[in-house]
Amino acid sequence: MLEALDFDINIPLPHHFLDRAFAACNDLTLTGKAKIELVCRYLFELNLTELSTAGTLASVKCAAGVYLARELIRLEYENGKSETDDIRIENNGSLGLSVTFETWPKALGLSMGHEDVTNLLPMVLTYVQNIVRTLPISNINNRNYEAAFHKFSNRSYGRIAQSSLLLDADYDFIVQDIRRKMASNSKRTNIDCPEEGRNVQQTTLRMNM
């Protein structure tokens, strides 16, 4: 088999799954898709030093990055802080203009192979923690993240690391929302499968520490 493949075997990386995400992000403009890509690539590099996620599937890392990037865009738009036209606005004729934007629509979940967003949330929390460590107000040692931060503060990468999308986000709200969803899923799982429910609770506990 290896000879048939000419030994051309690559380890799947989160980046390899981004095209699937873009194909399903029809609710975003080209500017919005570009922002999603920059945020995701930044998250992937911040995560390179996270040994705790070494065994996480590349597709999960990618989907979690897309989820967080879309959530940041959604919150920025809802709070009226968006400086660019990232979300596609539909003209419904007599009904006027309308915007329908979900953080994780069904089509995107199907395209990424992760319809159940609860499986992504622990990884999303890790990404949030990584970003928070790079914020100017953070007093946590961020030495492991300096290289990625400086790289993505460069003009070539849209200065995404220092963009208002990341610097002004309400991460407390995002974390609380994620933990609420994880806790809700844990309760449902406990009813259907007690053993799996305990695993979810342990993951939540580790994130709280």
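Start at W104: setting aside neighbours within four places in sequence, W104 is in contact (heavy atoms within 4.5 Å) with A63, V66, Y67, G109, M112, H114, E115, V117 and L120. Keep in mind that this is a predicted model, where local features need pLDDT of at least 70 and side-chain atom pairs count only at pLDDT 80 or more, while totals for chains, interfaces and linings use all residues. Residues are numbered from 1 along each chain as its sequence is written, and side-chain values use heavy atoms, with hydrogens and water left out.

W104 sits in the loop between β2 (97-98) and α4 (106-112); helices here are DSSP runs of H or I with at least four residues, strands are E runs of at least two, and both are numbered from the N terminus.

Two packed helices are described by the angle between their axes and the distance between the axes. The axes are lines fitted to C-alpha atoms over the stretch in contact, and angles run from 0 to 180 degrees between N-to-C directions. For α2 (residues 30-46) and α3 (residues 58-78), the axes come within 9 Å and cross at roughly 130°. That makes α2 oblique to α3, the label left over once under 35 degrees is roughly parallel, over 145 roughly antiparallel and 65 to 115 roughly perpendicular. On the α2 side, the contact uses G32, K35, I36, V39, C40, L43 and F44; on the α3 side, K61, C62, G65, V66, L68, A69, R70, I73 and E76.

α2 has another partner: α5 (residues 121-134) packs against α2 at about 85°, with the axes 10 Å apart. The two are therefore roughly perpendicular to each other. Here Y42, L43, F44 and L46 of α2 meet Y127, N130, I131 and T134 of α5.

Now zoom out. The protein chain has nine helices and two strands, in the order α-α-α-β-β-α-α-α-α-α-α. Of its 209 residues, 43% are buried. Among contacts with a separation of 6 or more, 72% join residues 24 or more positions apart.

Terms used. Buried < 20%, exposed > 50% of the residue type's maximum accessible area, 1.4 Å probe, protein only.
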